[in-house]
Amino acid sequence: MIAVDVLKRIERAEELYKKYGYKLLQDDEIRILLDKLNYAIERTWEYMRKVGVTEICRRCAMETGSCCKRWVEDEYDEYLLLINLLLGVELPKERYKEDGCFFVGPNGCRLRAREVICVSFLCDKIINEIGKKEVELQTIAGEELETLFILKDRIKSKIEELRSSDYKSKLGCRIS
């Protein structure tokens, strides 16, 4: 079964990208935030690799399945998917694993910018293995999440601004 809801959100994100992507990327604040987010994502992944989180998750996925269950995809809205498009990610069109999140692929998540639960959730297995390193990991991941929150808010505001100017332009054309 294809996840219609997630495909609709992907479609809306792609429509937003097609209509506003160029203008969003011309916005200095958005460009700076995208760069900052990219850097923060790299720091999070680098630390996760360093302390063994990615290996623990890989082993777990092979043995028992993954935390990336189907319901997780419901957390993603068109704006977060749009951010992934702005970061150069090609959004998937089909599910890789029937019981998994739509965005999980053969090498893990196919998205670059991820939801809070995907960035900050640590199962007991991970917490037991990394111990006190959890605090530093959460601090590093927090920078990623804070930047993502600010960026998403800025993008929503910019799109509203662009929609408003589109609407005013259409009204102006009708009056003349």
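Predicted model: local features only at pLDDT ≥ 70, side-chain atom pairs only at ≥ 80, totals over all residues.

Mentor: Residues are numbered from 1 along each chain as its sequence is written, and side-chain values use heavy atoms, with hydrogens and water left out.

Trainee: How much space lies in the largest pocket?
Mentor: Work on a 1 Å grid over the protein atoms alone: a pocket is an open set of points with protein on both sides within 12 Å along at least five of seven lines, whereas a cavity is a set where a 1.4 Å probe fits but cannot get out. Points are joined across faces, edges and corners, and the volume is the space filled by probe spheres set on them. For the largest pocket that comes to about 1,100 Å³.

Trainee: Which element gives the most to the lining of the largest pocket?
Mentor: Lining residues have an atom within 4 Å of a point. Elements are DSSP runs numbered from the N terminus: helices (H or I, at least four residues) and strands (E, at least two). α2 (28–51), α3 (53–63), β1 (104–105), β2 (108–109) and α5 (116–120) each supply at least two residues. With nine residues, the top contributor is α3.

Trainee: How many residues of that lining are nonpolar?
Mentor: Ala, Val, Leu, Ile, Met, Phe, Trp, Tyr, Cys and Pro count as nonpolar, Asp, Glu, Lys and Arg as charged, and the others, Gly among them, as polar. The pocket is lined by 39 residues. Six are polar and five charged; the nonpolar number is 28.

Trainee: How much space lies in the largest cavity?
Mentor: The structure holds one cavity of 30 Å³ or more. Its lining includes Ser 66, Cys 68 and Asp 99. The space inside is about 40 Å³.

Trainee: Is Thr 44 buried or exposed?
Mentor: Thr 44 is found in helix α2. Buried means under 20% relative accessible area, exposed over 50%, partly exposed in between (1.4 Å probe, protein chains only). Thr 44 has 0% relative accessibility, so it counts as buried.

Trainee: Which residues form one aromatic cluster?
Mentor: Rings of Phe, Tyr and Trp (its six-membered ring) pair if their centres lie within 6.5 Å; planes under 30 degrees apart count as stacked, over 60 as edge-to-face and the rest as tilted. Tyr 76 and Phe 103 make a tilted pair, 5.1 Å centre to centre with 55 degrees between the planes. Phe 102 and Phe 103 make an edge-to-face pair, at 5.8 Å and 80 degrees. The cluster is Tyr 76, Phe 102 and Phe 103.
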